[in-house]
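Please look over the sequence and the model below before reading on.

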Amino acid sequence: MFRILILWLYAGVLAGSYFFLKKKEKWFKTGLWLRSAGASLFLFGCFGASQIPALTFIDNIPLAYSLIGLGIAINLFVGYIIRQQTFLSLHVILSILILCVIPEKLLITFLLASLTAAAGIILSYKEKWEYHLMIVISAFIIFDIWFTQGRNALTASQNIFAILGIILVSVSCMYMQYRSIYTNTRFDRIAFVTHLTNWILFALGLILHSTGSKIKIFVLFAAGILCLLAALFARKKKIFWLYHLDGMVSFILFALSIIMLNDWKVGIDIISCGLYFLVITCLFIVYKSREVLLHKIFLGINHVLGLFVFLFFLLHIMPSPEQTHITNVFAALIAVTVMTLAVPVFCVVKKEFLEIDSFIVKKDLSLNGIFSVLFSILFLISWYNTIEFSLYYPLVFLALLWCFLRFKFKTNTFDLGRFIFLNTTIAAGLLLMLLQPKSSLDVVLALGIVSVISFNWFTKLFYTDENIIKTIGIIGINALLVSLSFKYLASYNIPQIFGWFGIALLNHEFLWIQFKRKTLTTDNQILLYLFCLAFSIFGSFAFLYNAQFLSNPEIGLIAVGLSVIETYFLFADKIRNKSNEVISGWRNFDTLHSEFILFNALVFGFSCIQIDYMPVYLESLALIVFFIFQRIQKIKRCNIYSFALIIGSIILTLYLAVLEEHNVGEKTLYVIQIISILLSVAYSYMQIKSPKEEGRMFSTILPVIQNLWIIALLFIQVEIVYLASLFMLLGILNFVLILYRKINLASESVLVIGLLSILTSVFYSIRVLNNFTLSDWLLQLSSIVLLIVLVILIKRKEFIKTLKIDYQIVINVWLSIVMFSQLEHKWLPVFWAATAIVNVLLYYKKIGDKKEISIVYYLLANFHLAFVSFTYFEAKFEFVYLIIFALLALYVFIVYKYIEDFKFKNSIIIYPATFSIGLFLFLSFDKGILTFFWILESLGLLILGIILKEKYFRYVSLSLVGICVIRLMFFDLSNADFLIRALVLLGVGVVLLVMNTLFKKYKERFD
């Protein structure tokens, strides 16, 4: 005790020094610190009297804590009288620190700390010491955390007193914030942080000293009410930051009280509904109070909480025995759906709340309205899992409800809802209809879809668009009709076909009705007509598919019926639009029905008519279609279709020609082909005579195709021996048609056909080499004659002016190839010589303009006689060679008699003849007498040189004489008989004398 007294005495000295130092200005602050130190030393002495063994003299706990409390009180008083928040904060911290040093964690220690903190707060009442308040609250929070750590835990009843101590500190701090000095303040940062720290203290204290009692829900609820009242008081005093903070705290307390309902076995689903209701209520309160900040906060909470609640119900929507913390998901979904739907309804009734729950992404939508749609969908799923009754009834009810709300209030939120439920109702109804067996429920489903679409149809606008809802309605009704048709008519062929066209007719008639009323946009009108076209296509393909199961009369009657419907569609604008109103967007769509009529005709033809007769049917159909094209202005594509039919007929005839097996005889097939060709010619004539420019579109290409068609048919079906003549006749026919303008075809095509005839003839001649029969000769030569006729016609009419072709060369080459491939070698020189004579006469008569042709054949005759006959020579063929020499002599005579001179004329004519005669003599006579004949030939060549005044003939003649003399001396004298040698020598001598005489007499002719 003596030691404690010494400490207290020393503390008194320090405190008393203040009274001496305060009189001196320089030592005033030092005096304050000394007094503060004295108070702290006194507190230490009070603590040491019971807690420090060396200083302890008190063993009674109440007396010991009373002494510590006295020390804390004096310590706080000294800090208060200084009137500076630094000293007061320091003394509070020292006081709480002393309590932290006490080893035993008793309730009285905690209560003493609570009283210390509360006193430290209240002592600053007259001052605005925000830092002091923050330090005190922070120090108490640290003490509370320290106090609850370790093994010495408080009992439940002691925790209640501890909570009361915490409430004392929190209320003291809260009270400090409601003083008049904060009036009319928008925001005070330090005060706000201090108040927030105080609420953290309160929350942390409740958590650390929670007793687990169910009564805590009432405590939290009461705290929430008190906090709400405090917030309203702060608003009244215009302490707005405090109002916002305490308002949020009151919301948190109310939310916690709702969450704590889980202790009373209330399911999470009901708690979620309660929390959502609390958020909506707070949202309305702050919006009504025009608190912008709080409204933004609660709107954000509404977004987040709504999303979490939706995810919760989404995860727990399926009933499961494991859901132990769930009361009734189905009932909770009904409640939350009604709750969320009530918000936009109430807001649109009370116009002042229209923007209360704007969706963050799109401001013109109600957040709760969107959640109402989502919860309604979950409600339907829960209905399906909970009640064994068709969910389609509540779905239709919801769709009609949202549509009614949109019709009544005209807001975008209800627009979105009715759009979603409109689509959902249609999709669900169609799905149920297709999945379930046939029953009377289909009628209910159909009526539900029709009623929802009809109700929405008259609620026109979706936002500002008049098109979307009607588009959905059109698609929905058509989908319903398709589903019913698929379900009830799929097994019946004829009703199925007419069912598709019936749906098309319904779309068509509804379009015209609405067009007259002017209730549809252009896009809707186009959509309706597209559906009409689509179902016409489906019906046509159904007709095509089912034709295999129908009889011919049924196919014919169906084709007629469908054609009648399509014809009505085609001319509906003339029938229904008598006032000639302007049709935009789909004006020309009706022309597409002409294709469907043609399609039906084709289906009928291929189904009912034997394929061998189809080319005639297609050609006839092409003529009819082209006739319709000329008479009806708007069906412009019929021209193309008629041409396509012609092409189809051509392809089909070629296919049938290639096909080996036929259902008709060969003659019948030829008749069909001829009729098809004649019909195509008639079509071509109609093209040329068409008054429309579009009608003459194919007048140029069609004759080409027809010629190719005929050529292909001939190649396929006619033996190659006849092709040359037939092709030449075809060329002449084309020439006549082109000349008299019956077909529009390039004149060069005649030459192409003629060339084809030549190639065919040449190919056949080479293939049957040297094996022609009489008919072959007649056919090939007749084709050549026809070419000659064609050439004569071309030249007389000046038919082809663009190409310069020497027809004489072509004819000669063709004839030469044929002859060369068929004649024996002994007759070829005869042919060459005869051809040379003919060509030279043609040149003389001015029919041909190429004398070179005859020269070529003349040379061929000579060289063939010289070389080829050298190999194939036989003595029995000497009469043929005599004919050849006669023809060659005739040719030489004609040339020198009637043909004008030309360069190297004598050399070209005489030398080949000399050469060929010499070889002929070599092959025909004995070697002994051969020399004599060669001498005679050289004499003849000399005479020709004198007559023609060709000096080079003299040289050739003398050279030949030299050869003969050498042969005579070295060969004939040693091998021939005596008599022959004598005669040859005598003859040679005579010839040489004659040549010498002639040379001397006519020497001047060679100069």
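**Briefing on the predicted model**

Phenylalanine 414 counts as buried because its relative accessibility is 1%, where buried means under 20% relative accessible area, exposed over 50% and partly exposed in between, with a 1.4 Å probe and protein chains only. This is a predicted model, in which local features need pLDDT of at least 70, side-chain atom pairs count only at pLDDT 80 or more, and totals for chains, interfaces and linings use all residues. Residues are numbered from 1 along each chain as its sequence is written, and side-chain values use heavy atoms, with hydrogens and water left out.

Aromatic rings

- A search of the whole structure finds 35 aromatic pairs, counted when ring centres of Phe, Tyr and Trp (its six-membered ring) lie within 6.5 Å, with planes under 30 degrees apart called stacked, over 60 edge-to-face and the rest tilted.
- One of them joins phenylalanine 251 and phenylalanine 298 edge-to-face, at 4.9 Å centre to centre and 90° between the planes, and both residues are buried.
- Phenylalanine 409 and phenylalanine 414 form a tilted pair, 6.0 Å centre to centre with 40° between the planes; phenylalanine 409 is partly exposed, at 22% relative accessible area.

A buried serine

- Serine 765 counts as buried, with 0% relative accessibility.
- Leaving aside residues up to four places away in sequence, serine 765 touches Phe772, Val818, Ser821 and Gln822, contact meaning heavy atoms within 4.5 Å.
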